[in-house]
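Hi everyone, thanks for having me. Let me put the structure up, and then we can walk through it together.

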Amino acid sequence: MTERAGAGSGLGFGLGLGHDVVGFARALRDAGMPIGVAETEAFAQAVGWIDPLVRREVYLAARATLVRRREDLAVFDELFAKFFGGPSRGQPAPLAPRHDPQRVFRTALVSYMAERAEASAREVDVPEHEKAASAHELLQRKDFADCTPAELDAIARAMRELRLDLTLRRSRRRIRSRRGDRLDLPRIVRDAARRGGAVLALARRRLKLRRRPLVVLADISGSMELYARILLQFLHGVTQRHARTETFVFGTRLTRITGQLQIRRVDAALGHAAREIADFAGGTRIGECLHAFDRQHARRVLGRGAVVLIISDGWDTGDPARLTAAMRRLARRAHRIVWLNPLLGRAGYAPEVRGMAAALPHIDDFLPVHDLRSLRELAERLARIPRRKGAVDRSGARPGGRSSVPAPSGLAAVPAGEVGSASEASNRGEP
C-alpha cells in the first residue's frame with residue numbers, strides 16, 4: 001500500500017500544503033541547516049510536480065532541494081518524521097554540525113526580509129559567509145608576529161598536517177614500463193631463450209621518476225626571531241614527511257640541524273636543535289653563511305636537481321658583493337631557488353634593503369611566509385615547479401594578492417610570481 005504523507009501529520013491540500021512546506025524549511029533553518037528562500041521555493045515547486053499524498057515522493061523532493069551536506073541528513077530525517085509522519089527515534093531533533101545561533105539568526109533575518117520584499121524589487125546578493133568569517137579562516141590570514149601563544153599553538157597543530165610534495169625529476173636509472181621509450185634488450189633475449197627463440201612481446205624501460213631533494217636555509221637572526229620559532233616547527237614537519245630534506249640555520253654562522261629535526265617528537269627535536277644553535281636572535285651575515293654552505297655542504301646536497309628554500313627578511317650586515325657572489329654560485333648548482341620573506345606579506349613592502357637587493361636577481365620565486373595561508377600556497381607552488389631549470393612558473397600569480405612587487409633601484413618591476421624567474425632567466429640567456 002502506498003504510504004500517504006498526510007497521515008497523522010497535518011499535511012493537506014491547498015493552503016495547508018504551502019504552510020507545511022514553509023514551516024518545515026524554517027524548522028530546518030532553526031536547527032542550523034543553511035536553508036534560505038531559494039531552497040524553500042525549490043521545495044515548493046518540487047511538491048507541485050509530484051503526488052503530495054505519497055510520503056516517499058515528498059521525502060525525496062525535500063531531500064533533493066533542502067539537503068546539501070551529508071552530515072545534515074540526521075537532522076533532516078528527524079524533522080521530516082516529525083512534520084510528515086514516519087518512524088522517529090523519539091529524541092529531540094539534533095542540531096546541524098557547526099551550529100552557530102548567530103549565523104542561524106542572520107540567515108533567518110535575510111530570508112524574512114526576502115519574503116517581505118516586493119515582487120518588483122531588485123535581487124541583491126548577500127555575501128553572508130564572507131561577512132561572518134570563522135575563527136579558523138581568520139587564523140589562516142593572521143600574521144605570525146601578531147598571534148597570541150594560544151593561536152601559535154593552533155597554527156603549529158595545523159602545520160603538522162601540511163605536506164610539501166615537490167615535483168618529480170627523471171633519474172638516470174631505468175625501470176620496466178609497458179610504454180617505455182626504450183626496448184629492454186636483455187629481457188627480450190631472456191624471454192626468447194625460454195621460448196625456443198620466439199619473441200612474443202617487446203619489453204620496454206623508462207627513466208625512473210624521483211622526488212627532488214629539498215635544501216632549507218633559514219635565517220634565525222634577531223630581525224627574524226618572531227618568525228623563526230614558528231618556522232622551525234614547520235621545518236620539523238617538512239623533514240618528517242620529506243625524507244630527502246637538508247636543513248640549515250644561519251645568523252652570523254651556519255649550523256646544520258637536519259639530524260635534530262629527524263627526531264619524531266617536535267619538542268625534543270627543537271630542544272636538541274636549540275642546543276646546537278649558538279647565534280639565535282643575533283646578527284646577520286647572509287653572504288658569509290652562504291659561502292660556508294657552498295664550501296662545506298653544496299657538493300653533497302645540491303645534486304640531483306635540488307630545490308633550495310631560503311627563509312630570510314634580507315637584512316644583512318655583511319658585504320653585499322659577497323652575498324651576490326654566493327647567490328650566483330648557488331643559482332648555478334641548484335635547480336631552483338625559492339626565497340621566502342615574511343615582510344613580503346605586508347602592504348607597501350619593497351625589497352630595497354641591500355641584502356635583499358643583492359640576492360633578488362638570482363631568485364626564481366620570491367614569496368611571502370608570514371601566515372598559515374602563505375605556507376599552504378608555498379606547498380602548491382612547490383608541487384608545480386617547472387622541470388626546466390630557470391623556467392618561469394606561469395600557472396598562477398604570486399601569493400599575496402598584489403599585481404606586482406616593487407623592485408629595488410636598478411631592476412625593473414617584475415610581475416608578481418616572476419620576481420626572480422624573469423631576472424634569472426635573463427642572466428642565464430633564456431627566453
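**A walk through the model**

Let's start with two strands: β8 and β9 pair in the parallel sense, over 4 bridges. Two strands count as paired if DSSP finds at least two bridges between them. Strands here are DSSP runs of E with at least two residues, helices are runs of H or I with at least four, and both are numbered from the N terminus. In this pairing, valine 338 stands opposite aspartate 365 in β9.

A word on where this comes from: it is a predicted model, where local features need pLDDT of at least 70 and side-chain atom pairs count only at pLDDT 80 or more, while totals for chains, interfaces and linings use all residues. Residues are numbered from 1 along each chain as its sequence is written, and side-chain values use heavy atoms, with hydrogens and water left out.

Back to β9, residues 365-368: are its faces covered or open? Both are covered, with Asp365 and Leu367 buried on one side and Phe366 and Pro368 buried on the other. Buried means under 20% relative accessible area, exposed means over 50%, and partly exposed is in between, using a 1.4 Å probe and protein chains only.

Next, the cores. A nonpolar core is a set of buried Ala, Val, Leu, Ile, Met, Phe, Trp, Tyr and Cys residues joined through side-chain atoms within 4.5 Å. The largest one has 41 residues, and Leu231, Phe234, Ile311, Leu375 and Leu382 have the most contacts inside it. Which helix gives the most to this core? That is α10, with 8 residues. Leucine 375 touches Leu231 and Phe234, among others; contact means heavy atoms within 4.5 Å. There is also a second, separate core of 34 residues, including Ile286 and Met327.

Now look at helix α3, residues 55-66. Its buried residues are Arg55, Val58, Tyr59, Ala61, Ala62 and Leu66. Seen down the helix axis, they fall within an arc of 165 degrees, so they line one face of α3; the arc is that of the directions from the axis to the C-beta atoms. The face turned away from that side carries exposed Arg56 and Ala64.

Last stop: threonine 284, in the loop between α12 and α13. Is this threonine buried or exposed? Threonine 284 counts as buried because its relative accessibility is 6%. Its side chain makes a polar contact of 2.8 Å with that of serine 221. Such a contact is a pair of N or O atoms within 3.5 Å; within protein, one must be able to donate a hydrogen and the other to accept it, and residues adjacent in sequence count only if both atoms are side-chain atoms.

Methods. Lists of a residue's contacts leave out its neighbours within four places in sequence.
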